[in-house]
Amino acid sequence: LHFIHHPYITHHYKDLRTISSSEMKTNMRAFLIAVALTTIAVEGFTTTRTVTSLGINHGIVNNLISEPSSKALKRSGKLHMTATTASGSFAEEPDATKGGDASMSNLIFNLVKSIVGAGVLSLPAGISAFGNAPSAMIPATFLIALIGIFSGYGFSLIGRVCALTGSTSYREAWEKSINKKTSIIAAASCTFKTCLATTAYSMILADTFRAIFASVGLNLTRSTTLLSITSTVLLPLCLLKNLSSLAPFSLLGIVGMVYTAFAMGFRFFTKAYALPAGKFVADMPVSLQPSFGNVGASGVLNPSSFILICMLSTAYMAHFNAPKFYTELKDNTIKRYNTLVSTSFAISIAVFAIMAAFGFLTFGSASSGLILNNYSNKDVLMGLSRVAVAISLVFSYPLAFAGCRDGILDLANVPLSERTNGLLNKVTLAALSCITTSALVLNDVSFLFSIAGATLGNALIYVYPALMFRGAIKKMGDKATKAQKRETKIAMGNGILGTVMGVIGTRMALKSLGA
């Protein structure tokens, strides 16, 4: 209504300010929208800005534009419900009306797949950091849900910033909401977080393949296993220039995690690892056998609980892909996007809580940084789980590594036209060497998850989204509503909370490494 300069609309739009009845105002707005759409149909133009300013469903707009103007006028009654949204649209972020072609269900599956990764296998160790009695699962479950909610809110904020600024990437959202000069901060954080994730993959692959080889009688050291897998499998995959053929294998990730959850649950309920007569207890080192004490729910008051909190920040990390999920969602209104986020994070919270419970309640304070290490090499059921996770990580590895390599080149300001195969090969060899060396030096993947979550994870999940949202609202000036201005305080509170958790979590993670 603001951007279509039609005499009839201009005259009657002013009348809206004098109408006191909300119902009459809504009906008048609906009628004027119908006239506006008829004008669009007759004059043959439409723009994203116009449609967004109307705050109505894009599908209805397309249908009306494709019909003769007389039919469009007759269908003005159908706009009553969308006009109700329009009457309040100026109090919210402008709903996008284009979006992509991806359905809600597909994106929910993809987002859950992105969240529920290898990080969940370290959560039992995070719980054992502050408790060794079964009741420790009570506050642990609460923390898993709470951090999941906070993480989901940060994911939502990023999408809404994209809606406000028209951004399609994390860095672009920073540029348009804060400034371009400091956007390297967001880009560097995303790159280094991806590098740490790839390092964690290498560490998990070393432990997992070592156990797989041991189960068939081949006893190799961890270093030998990692170097062998890296040189014969990972390096050739990372040197590939077209990774599209590997995308279908990423499905194995969620399949492997689902199978692992069922296998862990089965072993817990059948008490195959219960002391003193569990079926596989005799095959395990004493250090990995179940161990329980009397520190339960009260243990969460110990600062060591921040180790679990920071692990969760890594486990829920998918936020640098939030713009992608927002732009690819079909009919990507803010309401639909928030439905996508809330559903995906709710499913992830449930999976995290279940798998963490099965692992911790089976092994207690003896829970390894990678819970699969606790299970006997003679346990065929868990052996299959190791194979599933290993295959999943092998084919996911080059996808994650490509993000790391491309991020390094972006930070070095190397344009796409200059990224020759020779340069890509050199960067691949250098980066993979550094990642493999780090994985050889670090033995405890739970430490890597906690330190990464305490630093970069908290920044990307809590701090940066809050700063971007505040910046976007600030740039709106007088157009920002009171509700939006109030929410900036909530967002900044979330950012401050993330900072505090990061400081304490980093301290506790370093302390645990020294111990």
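Of the 515 residues of the chain, 51% are buried (under 20% relative accessible area, with exposed meaning over 50% and partly exposed in between, for a 1.4 Å probe and protein chains only). The structure is a predicted model, in which local features need pLDDT of at least 70 and side-chain atom pairs count only at pLDDT 80 or more, whereas totals for chains, interfaces and linings use all residues. Residues are numbered from 1 along each chain as its sequence is written, and side-chain values use heavy atoms, with hydrogens and water left out.

The chain contains 20 helices and zero strands (DSSP runs numbered from the N terminus, H or I of at least four residues for helices and E of at least two for strands). Among contacts (heavy atoms within 4.5 Å) with a separation of 6 or more, 80% join residues 24 or more positions apart.

Beyond its neighbours within four places in sequence, Phe-155 is in contact with Leu-111, Ala-318, His-319, Ala-322, Phe-325, Tyr-337, Val-341 and Phe-345.

The axes of helix H7 (residues 104-115) and helix H16 (residues 334-363) come within 9 Å and cross at roughly 40 degrees (lines fitted to C-alpha atoms over the stretch in contact, with angles from 0 to 180 degrees between N-to-C directions). H7 is therefore oblique to H16 (angles under 35 degrees count as roughly parallel, over 145 as roughly antiparallel, 65 to 115 as roughly perpendicular and the rest as oblique). The contact involves residues including Leu-107, Ile-108 and Leu-111 of H7 and Thr-343, Ser-344 and Phe-352 of H16. The crossing is right-handed (the near helix is turned clockwise from the far one by less than a right angle, anticlockwise being left-handed). Ser-344 of H16 is buried, with a relative accessible area of 0%, and Ser-344 touches Ile-108, Leu-111 and Val-112, residues up to four places away in sequence not being counted.

The axes of H11 and helix H18 (residues 421-441) likewise come within 9 Å, crossing at roughly 55 degrees, and H11 is thus oblique to H18. This crossing is right-handed, and Thr-198, Thr-199, Ser-202 and Met-203 in H11 meet Ile-435, Ser-438 and Ala-439 in H18.
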